[in-house]
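Hi everyone, thanks for coming.

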Amino acid sequence: MNIYLPIAEMSANLFLFIGMGASVGFLSGMFGVGGGFLMTPLLIFTGVPSAVAVGTEAAQIVASSVSGALAQYRRRNIDFKMGTILLTGGIVGSVFGVEAVKALRRAGQFDLFVIISYVTMLGVIGSLMMIESINALRQLKSGVAPASRQRGQHNWVHRLPFKMRFHRSKLYISALPPLVLGVFVGFLAAIMGVGGGFIMVPAMIYLLKVPTNVVVGTSLFQITFVTAATTILHATQNQTVDATLALLLIVGGVIGAQFGAIAGQRLRGEQLRFLLAGIVLLVALRLAWSLVVHPGELFSLTPLGRP
Amino acid sequence: MGVRAGHSGTIAALAAGLLTACALLWPAVGQTPPPPLPPQPPTVPLQPVPAPQIAPPTPVAPEVRAPEGPSLPREAVHADVSTRRIAVTSTFSGTGIIVFGAVDNSRQASAESGLYDVVIVISGAPSRLVARKKSNVGGLWINTSSTTFTSVPSYYAISSTRPLDEVASDDVLKSSGIGFDFVPMTFHRSARNLTADEIREWRDAVVRLKRRDRLYQQDEYGVAFVGRSLFRSAFDMPATVTVGAFETRVYLFRDGELLSTYTTKLDLEREGLEHFVHRFAFDHPFFYGVLTVLIAVGAGMLASYVFNRNKA
């Protein structure tokens, strides 16, 4: 059954998109990741214009993170003070990101920009995860306990000005690092159609030393509101949010995530990370390939909005 | 720009030429009774001449160009489309359209005589677009040049009784904008420094890409006569077609000469939820964005409610 997507201006099978939502939802449920970094490239491979893929994916992330954020709120796992600073930065970053998308689209370079960003990001993260999980698997085999993380050590973050007390996180640190982190993640959300959890969570743990139980809730809180703002900004500035497509992806995504979560409980953390790293690297390679290989057709047409 | 100007210029020249020809051949046309047959050979004898003296006087259509023998009424073409208004809904997966028409005062004996050539052109509403060209920069394929068109038919389909080069000369085809080489396109004024070769390259790219998406199509034997005067042709419109007003032009040729044209319209409209979503997104982008977020939030919360209840 074909459906016409009003903003992407393409006709495709209804079940293709629901299926894509379900597969990425399954993976995100299994690995506990947002899935935006997989869905956006997948949408681009399907022929959805990259700007529409990015704008629409923001809306899907709202749906997939709101329930998690609520669950964390009920468990009081959100540091609202830290979250508000991250969110403020996030919205500033998103505004810049959406403007960047607008300018790059006008210049005809947005596709290139998105692909290069993805290849870089996925390549680096995939490689790091791959190395880390291989080491973990080796240690597991040799029976050596992994070195426990040192807490409470002071690093450069603690020497910055504008110090604030974050009661929930039991931290007394400068407001600048979370603000800058928020801006960066918000910018990524707007230009790549990702939530940015894969950057924010490690940064909060290793850089800001936020306790792990607060990290997930606080980052979900930030992601929900930043992607909501990004959706509205993309809709207003670029008209690249396809509500129909978003709804299909959401429906597939929530179902897939439930099954993914069940499957994820049966696999060990190290194996999961190894698998995820493999998927991330494959997507990066596939994207890089599309830049390097001779395109059969050198020309492309972009419709301009209504006169 | 140049295309348009050349277009109307050629029509004007053609019309002027025809007028001169008329004046030379029939200096007193319409005032004096037809003079005795001129010294040239009489009109080609047709087997069953449809008794012209009995035929009622046909009003001379303004499009009719070539003067004919005094005894034969002029041919004219009329046509219509199977559906004048097509609604694009969410499940739109393309549509088929039949164009049918008739040649008034047809002089051909049967459908197979091949005396007439009919060319049908359906063109969609003109749209603006940017064409971009990639080239290899340091190993990466990157868009390096672009040109803007201010008007390109969003859809363009030609169907004819024979290949176009057998129907009429390039000059005639060009003046009517028939054929992929003569699709009326206007470049943005920033393209005025392009060379003729570059213009051709960009035009060809637009035609090639549109043909790949089946938005431009040609059927060289698509028009079939069903009798002495009746003809029909089928067209298909892919799902990606841009909505708007479409113009269907029917051209009647005999011996490479354009005898008559007829124009009819059809409309492709968005309808249903589809229409609403598109209008809403462009007319009220802020509220559209807010609504999309609300839908996403609602869907996410509904899902967690449903699945958590199942678990409990």
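**Salt bridges, strands and patches**

Let's start in helix H4 of chain B (residues 196-212), where B:Arg200 and B:Asp204 sit four residues apart, about one turn of the helix. Helices here are DSSP runs of H or I with at least four residues, strands are runs of E with at least two, and both are numbered from the N terminus.

Quick housekeeping: this is a predicted model, so local features need pLDDT of at least 70 and side-chain atom pairs count only at pLDDT 80 or more, while totals for chains, interfaces and linings use all residues. Residues are numbered from 1 along each chain as its sequence is written, chains are lettered from A and ligands numbered from 1 in the order in which they are written, and side-chain values use heavy atoms, with hydrogens and water left out.

Back to our pair. The side chains of B:Arg200 and B:Asp204 form a salt bridge, 3.8 Å from N to O. That term means a side-chain nitrogen of Lys or Arg within 4 Å of a carboxyl oxygen of Asp or Glu. B:Arg200 is partly exposed at 39% relative accessibility, and B:Asp204 is partly exposed too, at 33%. For the cut-offs, buried means under 20% relative accessible area, exposed means over 50%, and partly exposed is in between (1.4 Å probe, protein chains only).

How many salt bridges does the structure hold over all chains? The count is 13. One of them joins B:Glu75 and B:Arg254, whose closest N and O atoms are 2.9 Å apart. B:Glu75 is in the loop between helix H1 and strand S1 of chain B, and B:Arg254 is in strand S12 of chain B, so this pair ties together parts that are 179 residues apart in sequence. And are B:Glu75 and B:Arg254 buried or exposed? Both are buried.

Helix H5 of chain B (residues 272-283) has a pair as well: B:Arg279 and B:Asp283 are four residues apart there, about one helical turn. Their salt bridge has its closest N and O atoms 2.9 Å apart.

Now the strands. Which strands make up the open sheet? The order is S5(A)-S5(B)-S6(B)-S8(B), four strands with antiparallel pairing. Two strands count as paired if DSSP finds at least two bridges between them. Within chain B, strands S5 and S6 pair over 11 bridges, and B:Leu129 has B:Phe149 in S6(B) as its bridge partner.

Last stop, the surface. There's a nonpolar patch of about 750 Å², and its members include A:Phe26, A:Leu247 and B:Leu294. Patches take residues with over 30% relative accessible area and no salt bridge, joining like charges within 9 Å and nonpolar side chains (Val, Leu, Ile, Met, Phe, Trp, Tyr) within 5 Å. The areas come from the Shrake-Rupley method with a 1.4 Å probe, and for residues only the protein chains shown count as cover. Helix H9 of chain A gives the most to this nonpolar patch, with five residues. B:Leu294 lies in helix H6 of chain B and is exposed, at 53% relative accessible area.

That's my tour, so over to you for questions.
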